[in-house]
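I opened the model to look up its helix geometry, its charged pairs and its ring contacts. These are my notes, in the order in which I made them.

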Amino acid sequence: MPIRDRVDLDWKSLPFGYLKAGINVRYVWRDGKWDEGVESEDEYMPMHIAATSLHYGQAAFEGLKIYEAKDGRVLSFRVEENAKRMQHSGRMMMMEAPPSQLFKSAVQRVVRANQRYIPPYGTGAALYVRPLLIGTGSRIGVRPADEYTFLVLTVPVGPYFKSGFTPTKLIVDETRDRAAPQGMGSAKAGGNYAAGMCGTMEAKSKGYGEALYLDAREHRYIEELGAANFFGITPDKRYVTPKSPAILRSITNMSLRTLAADMGYSVEERIVPVEELTQFAEAGACGTAAVITPIEAILFRGKEIIYLPDGKPGPHCTALYNALTALQFGDAPDKYSWTEEIEV
């Protein structure tokens, strides 16, 4: 069914930012079970002043996009993996995460409720869905909550970077650690993003787009950016991405590894010494928001490693970006069964 009564927005000029978009859905876990959930137009929520999310950081989130295909279908992308990752985050933080079926139903419910805000095909925009899991039960002693809220909101968004699919520069941050080796790095915990803000803002103040972190134990191995995974492409077509228990489990990176293998690349998920930065023909940052951001150069110990001297995306990142977005927008056959139509 085609989208009905779509709101009138300048879809091609949308930023990647918050814009009130109709309805959010909220579920509460208490007494050992999830309720049926409610739909709300309220942008605020009441919360106990002793909620564990406020005091002890029991907060995790997800991010995924909904796309309109050329034929009018509304497509989600690998929602099951988002559900699994939220469950992983929940286990890491002793939180009660929603089961996969509830997670998927909540996403479909909020998309249907906000179908008017799904950007038209061809505008480059998408409907961003943000599932949030927080401890809302009150605790003063340090222990898990007895109540959790699972909230899903949506917002129509444009490209993560205003310039779209264009390169950025990074700086290797050796003064900070994003996450401890056996800590919370693999969880999509709100605190992990707070931990990366200092590095990100300092990088931006120096004219760079983001900070690239090394491992916290030895400061010898590449891990990830403040808000994205890292990968490099070698001249002999190897897709190399760091492996570490402190790295976020990126669904975009997981998808790119599969696509790269099918496109003739050798895929290596392994420990990557920082010295290998000089061996890549191209490098990229990947995540739900930007999909792929090509890396123009990386500053490491005062020397700039340049990948794209003309400042334009290289052929490897471009091919991977086009392959993934073609699937997401329904422009290519989905032999992986990654997309799923949502009847609106």
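Which residue takes a positive phi just after helix 6? I looked it up and found Gly-330, with a phi of about 75°.

Before going further I noted the conventions: this is a predicted model, in which local features need pLDDT of at least 70 and side-chain atom pairs count only at pLDDT 80 or more, while totals for chains, interfaces and linings use all residues. Residues are numbered from 1 along each chain as its sequence is written, and side-chain values use heavy atoms, with hydrogens and water left out.

**Helix 6**

Helix 6 covers residues 315–328, and its 14 residues should span 20 Å at 1.5 Å a residue, which agrees with the 20 Å between its end C-alpha atoms; the expected span is 1.5 Å times one less than the number of residues. I then listed its buried residues, which are His-316, Cys-317, Leu-320, Leu-324, Thr-325, Ala-326, Leu-327 and Gln-328. For this, buried means under 20% relative accessible area, exposed over 50%, and partly exposed in between, with a 1.4 Å probe and protein chains only. I kept in mind that an α-helix has 3.6 residues a turn, so residues three or four places apart point the same way.

**Salt bridges**

I found 22 salt bridges in the structure, each being a side-chain nitrogen of Lys or Arg within 4 Å of a carboxyl oxygen of Asp or Glu. One of them joins Arg-301 to Glu-174 at 2.9 Å, N to O. This pair links distant parts of the chain, 127 residues apart, with Arg-301 in the loop between strand 16 (291–300) and strand 17 (303–306) and Glu-174 in the loop between strand 9 (168–173) and helix 4 (190–205). Arg-301 counts as exposed because its relative accessibility is 58%, whereas Glu-174, at 29%, counts as partly exposed.

I also looked at Glu-276 and Arg-270, whose closest N and O atoms are 3.0 Å apart in a salt bridge. Glu-276 is buried at 14%, while Arg-270 is partly exposed at 23%. Both belong to a network of salt bridges that also takes in Asp-236, Arg-238 and Glu-268.

**Rings**

I recorded 14 aromatic pairs, where rings of Phe, Tyr and Trp (its six-membered ring) pair if their centres lie within 6.5 Å, and planes under 30 degrees apart count as stacked, over 60 as edge-to-face and the rest as tilted. Trp-34 and Phe-150 have ring centres 6.3 Å apart and planes at 75°, so the pair is edge-to-face.

My last entry concerns Lys-237, which lies over the face of Tyr-265 at 4.5 Å from the ring centre; the criterion is NZ of Lys or CZ of Arg within 6 Å of the ring centre and within 35 degrees of the ring normal.

Methods
Helix = DSSP H or I, 4+ residues; strand = E, 2+ residues; numbered from the N terminus.
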